[in-house]
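I set out to record what I looked up in this structure, entry by entry. The sequence and the model come first.

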Amino acid sequence: MIELKNVDKIYGKGDGAVHALKNVSVTIEDGKFTAILGKSGSGKSTLMNIIGALDSPTNGTVYANGQNLTEMSPNALAEYRNKTTGFVFQSFYLEPTFSVLDNVAMPLIIAGMPRKEREEKAIKVLTQLGLEDKINKKANELSGGQKQRVSIARALVHNPDIVLADEPTGNLDSQNGAEVMALLRDICNMGKSVVLVTHNMEDAKNADNIIFIEDGVAEMKSGNAVNSEANG
Ligand SMILES: Nc1ncnc2c1ncn2[C@@H]1O[C@H](COP(=O)(O)OP(=O)(O)OP(=O)(O)O)[C@@H](O)[C@H]1O
Ligand SMILES: [Mg+2]
């Protein structure tokens with residue numbers, strides 16, 4: 001479980017300072033699908049990056065399974081992040097000229113794993129995601145939907161507890177977008193926590209919990225409560 005308590009994020013100083021998160025207290029429950037829903041500039045990515053320990057708050061505290069991340073050294077935090085989290089982004093961030101296999105195995109290089117083991121793990125997760133026939137293709141030879149599935153494989157290869165996806169369907173057509181959404185739900189059903197950033201209520205609707213964010217102020221509701229409100 002990840003808990004944010006009274007988190008503020010302020011970018012910059014003085015007159016130009018941007019108060020991107022304002023006294024945010026939310027919980028990411030283990031094994032649940034949590035959506036962060038809000039308009040452009042509302043603070044979604046900032047919040048996701050703090051939940052995933054890619055960034056730290058200006059004020060407030062972040063606990064992961066009771067451990068205070070805001071008191072950890074940068075090295076310890078990097079180690080925590082490499083072990084625990086996997087990220088998926090709108091623009092994929094694949095190495096275009098590397099093979100699918102090498103892209104997916106990349107996080108395991110950081111983890112110091114030998115090549116043979118890295119490749120076995122990458123092949124396993126690519127096969128799970130139905131990408132076994134793409135293993136030797138270069139990333140720049142894939143369609144958008146395939147690229148996003150490869151980037152999801154890369155996010156999963158080190159078996160993280162939590163997968164965080166920032167507008168993962170933003171560059172995809174509706175069919176591929178729906179497939180990526182279904183895949184994220186499958187990943188949640190595998191027992192992982194999934195955090196989805198979206199500006200799309202339709203995508204947020206299927207979440208167990210929804211964090212509504214507006215101008216840096218966040219409010220968390222259960223997906224069931226939101227759906228029954230919507231249905232009158
Ligand atoms: N590195 C940064 N330096 C300064 N300001 C920033 C930085 N990152 C974000 N901001 C500002 O913080 C606010 C929240 O940004 P954030 O990227 O979290 O929004 P978002 O909801 O993810 O928007 P989008 O849907 O457009 O991606 C915005 O006003 C943005 O301009
Ligand atoms: Mg964003």
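My entries follow, grouped by topic.

**Conventions.** I am working with a predicted model, in which local features need pLDDT of at least 70 and side-chain atom pairs count only at pLDDT 80 or more, while totals for chains, interfaces and linings use all residues. Residues are numbered from 1 along each chain as its sequence is written, and chains are lettered from A and ligands numbered from 1 in the order in which they are written.

**Ligand 1.** I first looked up which residues surround ligand 1. The shell holds 13 residues, and the closest are Tyr11, Ser40, Lys44, Ser45 and Thr46; a residue is near a molecule if its C-beta atom, placed from the backbone, lies within 6 Å of it. Two elements, strand 2 (18-28) and helix 1 (44-51), each give two or more residues to this shell. Helices (H or I, at least four residues) and strands (E, at least two) are DSSP runs, numbered from the N terminus. Helix 1 gives the most, with three residues. I then sorted the shell by class and found three nonpolar, nine polar and one charged residues. In this scheme Ala, Val, Leu, Ile, Met, Phe, Trp, Tyr, Cys and Pro count as nonpolar, Asp, Glu, Lys and Arg as charged, and the others, Gly among them, as polar.

**Helix 1 and Thr46.** Is helix 1 enclosed or open? I found it largely enclosed by the rest of the structure, because six of its eight residues are buried. They are Lys44, Thr46, Leu47, Met48, Ile50 and Ile51. A residue is buried if 20 or more other C-beta atoms lie within 10 Å of its own, exposed if 12 or fewer, and partly exposed in between, with C-beta atoms placed from the backbone. Thr46 counts as buried because it has 23 C-beta neighbours inside 10 Å. Not counting residues up to four places away in sequence, Thr46 touches Lys9, Ala20 and Leu21; contact requires C-beta atoms, placed from the backbone, within 7 Å. I also noted 9.4 Å between the C-alpha atoms of Thr46 and Ser56, which are ten residues apart along the chain.

Most residues other than glycine have a negative phi. Ala53 lies in the loop between helix 1 and strand 4 (59-64) and counts as buried, with 22 C-beta neighbours inside 10 Å. Asn23 has a positive phi of about 50 degrees and lies in strand 2. Asn23 counts as partly exposed, because it has 14 such neighbours inside 10 Å.

**Core.** Which residues have the most contacts inside the largest nonpolar core? They are Ile36 and Val104, in a core of 61 residues. Such a core is a set of buried Ala, Val, Leu, Ile, Met, Phe, Trp, Tyr and Cys residues joined through C-beta atoms within 7 Å.

**Helix 3 and helix 5.** Val104 of helix 3 also takes part in the contact with helix 5, as do Val150, Ala153 and Arg154 of helix 5. By class, this contact has six nonpolar, one polar and one charged residues.

Note on methods:
Contact = placed C-beta atoms within 7 Å.
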